[in-house]
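Subject: A structure to look through

Dear colleague,

I am handing over the structure below, and I would ask you to keep it open beside this message while you read what was found in it.

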Amino acid sequence: MMATKIILTLCLIAFAYGKLCGLDVNGKTVDVSKLAALGPQKISAPWNGTNYDFVVQLCGDVESKACTGPAVQIDVTTQECTVLGESRTESWDVDNSNNGIYVTYYHGQAYSPVIHRSARIYFECNSTATDTAPVFEHVTTCGQYHFSWTTPLVCF
């Protein structure tokens with residue numbers, strides 16, 4: 001019983017510090033905790049006629065004055081912050097089209113009366129990539145914000 005408590009505690013500590021940040025693909029663990037350890041990543045990009053700062057934090061939350069979440073959108077002019085998803089809804093999967101993985105965060109703020117925002121970050125395999133950062137791609141008509149991040153960490 002004591003050994004079970006110790007193992008469970010170690011697993012919870014590892015999860016809390018981002019050590020289990022990724023997923024298992026055909027028996028191989030694809031771990032992006034090194035990217036999570038970089039801290040919040042700021043992406044400045046115009047969208048829909050307004051300049052925004054998008055901030056993403058893998059396997060954790062961005063701590064902003066105005067809002068908290070794993071992915072947020074901040075209007076550069078008004079500093080209004082919009083949550084694009086919740087970390088508790090994190091869902092990982094394989095991205096076969098880009099030889100990588102992706103994570104989706106669901107249940108962000110309302111996009112319309114019936115749709116909530118979500119954020120999806122695609123991690124694309126590039127075995128020679130160095131010093132990479134996420135890039136804002138686009139927003140779908142269903143309010144899903146897409147980002148890409150090229151890295152050797154997801155090559156399997």
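A disulfide is a pair of cysteine sulfur atoms within 2.5 Å. Please keep in mind throughout that this is a predicted model.

With that cut-off, a search of the whole structure finds three disulfides. C21 and C59 form one of them, with their sulfur atoms 1.9 Å apart, and this link is right-handed, with 90 degrees about the S-S bond. The pair connects distant parts of the chain, since C21 lies in the loop between α1 (2-16) and β1 while C59 lies in the loop between β4 and β5 (62-63), 38 residues apart. C21 is buried, with a relative accessible area of 1%, whereas C59 counts as partly exposed at 23% relative accessibility.

A disulfide also joins C67 to C81, at 1.8 Å from S to S. C67 is found in the loop between β5 and β6 (68-69) and C81 in strand β8 (residues 81-83), so the pair ties together parts that are 14 residues apart in sequence. Both C67 and C81 are buried.

C125 and C155 form a disulfide as well, their sulfur atoms lying 2.0 Å apart, and their link is right-handed, with 105 degrees about the S-S bond. Here C125 sits in strand β11 and C155 in the segment after β13, 30 residues apart. Is C155 buried or partly exposed? Buried means under 20% relative accessible area, and C155, at 18%, therefore counts as buried, while C125, at 25%, counts as partly exposed. Counting bonded cysteines along the chain, the disulfides follow the pattern 1-2, 3-4, 5-6.

Strand β11 also belongs to an open sheet of five strands, in the order β9-β10-β11-β13-β12 and with mixed pairing. Its edge strands are β9 (91-95) and β12 (135-139), each of which pairs on one side only. Within the sheet, β10 (residues 100-105) and β11 (residues 118-125) run antiparallel and are joined by five bridges, and I101 stands opposite F123 in β11.

Technical notes
Residues numbered from 1 in each chain as written. Predicted model: local features only at pLDDT ≥ 70, side-chain atom pairs only at ≥ 80, totals over all residues. Heavy atoms only, no water. Pairing = 2+ DSSP bridges. Helix = DSSP H or I, 4+ residues; strand = E, 2+ residues; numbered from the N terminus. Buried < 20%, exposed > 50% of the residue type's maximum accessible area, 1.4 Å probe, protein only.
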